[in-house]
Amino acid sequence: MLTRAKLSRTRCWVVKIGSALLTRNGQGLDRHVLEPWADQIAARRIGGDDLVLVSSGAVAEGMARMGWTRRPRALHELQAAAAIGQMGLVRAYEDCFAKRGLHTAQVLLTREDLADRRRYLNARSTLRALLKLGVIPVVNENDTVATDELRFGDNDTLAALVANLIEAEVLVLLTDQEGLFDSDPRFNSEARLIGERRVDDSSLDLAAGESAGGLGRGGMVTKVRAARLAARSGTATVIAAGIGDQVLTRIGHGEPIGTLLVPSQEPQTARKQWLAGQLQARGRVTLDDGAVRALRERGTSLLAVGVRAVEGRFKRGEVVACVDATGRQIARGLINYDADETARIMGQPSAHFEEILGYLVEPELIHRDNLVLL
Ligand SMILES: Nc1ncnc2c1ncn2[C@@H]1O[C@H](COP(=O)(O)OP(=O)(O)O)[C@@H](O)[C@H]1O
Ligand SMILES: N[C@@H](CCC(=O)OP(=O)(O)O)C(=O)O
């Protein structure tokens with residue numbers, strides 16, 4: 001298990017900075033708060049470590065530039081704010097790192113980019129190339145084109161997927177709280193900081209609750225979820241306060257700052273990580289109890305015989321959610337048959353497929369190599 005002390009031996013980090021921190025609670029981009037982070041990030045980079053920065057704040061900076069005091073509700077206004085604010089973000093980062101002799105690169109990603117296997121692999125190669133060149137990639141969601149139902153929405157998830165992409169050892173989520181508390185410190189003055197936990201510890205869900213801050217989108221729920229996604233590539237997550245003396249440097253020295261969430265399992269293959277990161281499935285299949293047990297306890301492939309219902313219009317090779325009888329998602333995978341075929345073969349053993357469909361594509365509905373448990 002990765003302990004605090006081992007953090008000092010890690011060489012590849014993703015650092016995410018939230019909106020509230022960067023923009024003085026919505027008053028606009030605060031260049032002064034950027035300077036100390038830039039110092040610490042530059043020191044790591046110049047020391048030969050890889051580091052990708054994921055920065056929120058485009059919407060908040062856009063709002064400040066336009067003199068808007070409330071986050072707009074209409075998507076096109078939010079997108080306009082993000083487009084305006086992103087200019088400020090890249091300018092600030094470029095200035096900051098140029099002073100320290102480093103190049104920056106703007107990388108704007110959408111969920112669709114990471115859902116498409118080819119674009120995902122392209123994004124990965126580009127990020128790797130940038131790191132090899134010693135450049136600091138500055139990542140944000142491409143808010144201008146992201147449609148509502150297809151947004152990351154919060155940059156915690158985006159940062160976790162970037163950590164998967166480059167197989168980072170550490171994901172640092174810098175925010176406006178000291179870390180994850182056992183309840184929301186805004187409402188409970190007795191709340192206590194959680195120092196270190198395994199990511200799959202169920203008490204984390206209770207602690208994170210549901211409340212987000214006023215400016216950011218996610219709150220702690222998305223940070224815990226992000227830590228779990230990141231753990232799939234063996235990445236440990238530190239949630240810590242961005243304002244403070246030498247936060248990144250001290251985390252890098254293994255000091256007990258913020259909350260450390262450590263992976264509880266061996267890293268998955270890159271393909272399974274990609275699958276787990278697919279936030280939207282094209283359809284879903286409902287499994288009977290036997291199939292749920294087979295997947296969970298024996299890690300088998302999903303056979304049509306264990307499927308009770310099919311929903312959605314999916315094609316062969318698309319991502320489908322596997323749910324239990326109560327509708328709870330237990331796995332996700334790339335299905336070998338389209339929605340119509342699946343409806344016809346569900347409940348049937350593979351030996352009957354040829355008779356029903358006139359052909360057999362694969363004996364498994366979802367092969368275990370293409371299936372990830374959630
Ligand atoms: N258990 C908790 N511990 C700490 N903060 C919490 C907790 N539950 C909810 N929060 C809220 O989450 C907020 C941070 O999330 P968010 O506003 O999305 O920040 P960011 O912009 O940094 O992503 C905190 O300001 C805090 O009010
Ligand atoms: N892409 C958006 C970030 C969305 C967001 O609010 O993220 P966060 O503050 O990290 O919860 C922006 O730049 O404003």
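Residues are numbered from 1 along each chain as its sequence is written, and chains are lettered from A and ligands numbered from 1 in the order in which they are written. Since the model is predicted, local features need pLDDT of at least 70 and side-chain atom pairs count only at pLDDT 80 or more, whereas totals for chains, interfaces and linings use all residues.

The protein chain holds 14 helices and 13 strands, where helices (H or I, at least four residues) and strands (E, at least two) are DSSP runs numbered from the N terminus. Its radius of gyration is 22 Å, close to the 21 Å that the globule rule gives for 374 residues, so the chain is as compact as a globular protein of that length. Here the radius is taken over C-alpha atoms, and the rule is 2.2 Å times the number of residues to the power 0.38. Along the principal axes, the C-alpha atoms fill a box of roughly 70 × 45 × 45 Å. Of the 374 residues, 45% count as buried; that label requires 20 or more other C-beta atoms within 10 Å of a residue's own, while 12 or fewer make it exposed and values in between partly exposed, with C-beta atoms placed from the backbone. Among contacts (C-beta atoms, placed from the backbone, within 7 Å) with a separation of 6 or more, residues 24 or more positions apart account for 73%.

Eight strands form an open sheet with mixed pairing, in the order 3-4-2-1-5-7-8-6; two strands pair if DSSP finds at least two bridges between them. Strand 3 (104-109) and strand 6 are the edges, each pairing on one side only. Neighbouring strands are turned by 20° against each other on average, direction ignored. Six bridges join strand 3 to strand 4 (residues 136-141) in the parallel sense, and glutamine 106 stands opposite valine 138 in strand 4.

Helix 4 (residues 75-98) packs on this sheet, touching strand 2 (50-55), strand 3 and strand 4, and its direction makes about 165° with that of strand 4. Helix 7 (residues 155-166) also packs there, touching strands 1 (12-17), 2, 3, 4 and 5, at about 170° to the direction of strand 1. Axes are lines fitted to C-alpha atoms, for helices over the stretch in contact, and angles run from 0 to 180 degrees between N-to-C directions. Helix 7 packs with helix 9 (residues 219-231) at about 10°, their axes 8 Å apart. These two helices are therefore roughly parallel, a label for angles under 35 degrees, with over 145 roughly antiparallel, 65 to 115 roughly perpendicular and the rest oblique. Residues meeting across this pair include Ala160 and Ala163 in helix 7, and Ala226 and Leu229 in helix 9.

An unreviewed UniProt entry places a "binding site" at Lys16, Thr175 and Asp176. Although spread over 161 residues of sequence, these positions cluster in space, with a largest C-alpha distance of 12.1 Å. UniProt positions follow the numbering used here, feature names are shortened, and annotations may be inferred rather than shown by experiment. Threonine 175 lies in strand 5 (residues 170-175) and is buried, with 26 other C-beta atoms within 10 Å. Its contacts include Gly18, Leu21 and Ile239, not counting residues up to four places away in sequence. Aspartate 176 lies in the loop between strand 5 and strand 6 (196-198) and is partly exposed, with 16 other C-beta atoms within 10 Å.

Methods. Two residues are in contact if their C-beta atoms, placed from the backbone, lie within 7 Å.
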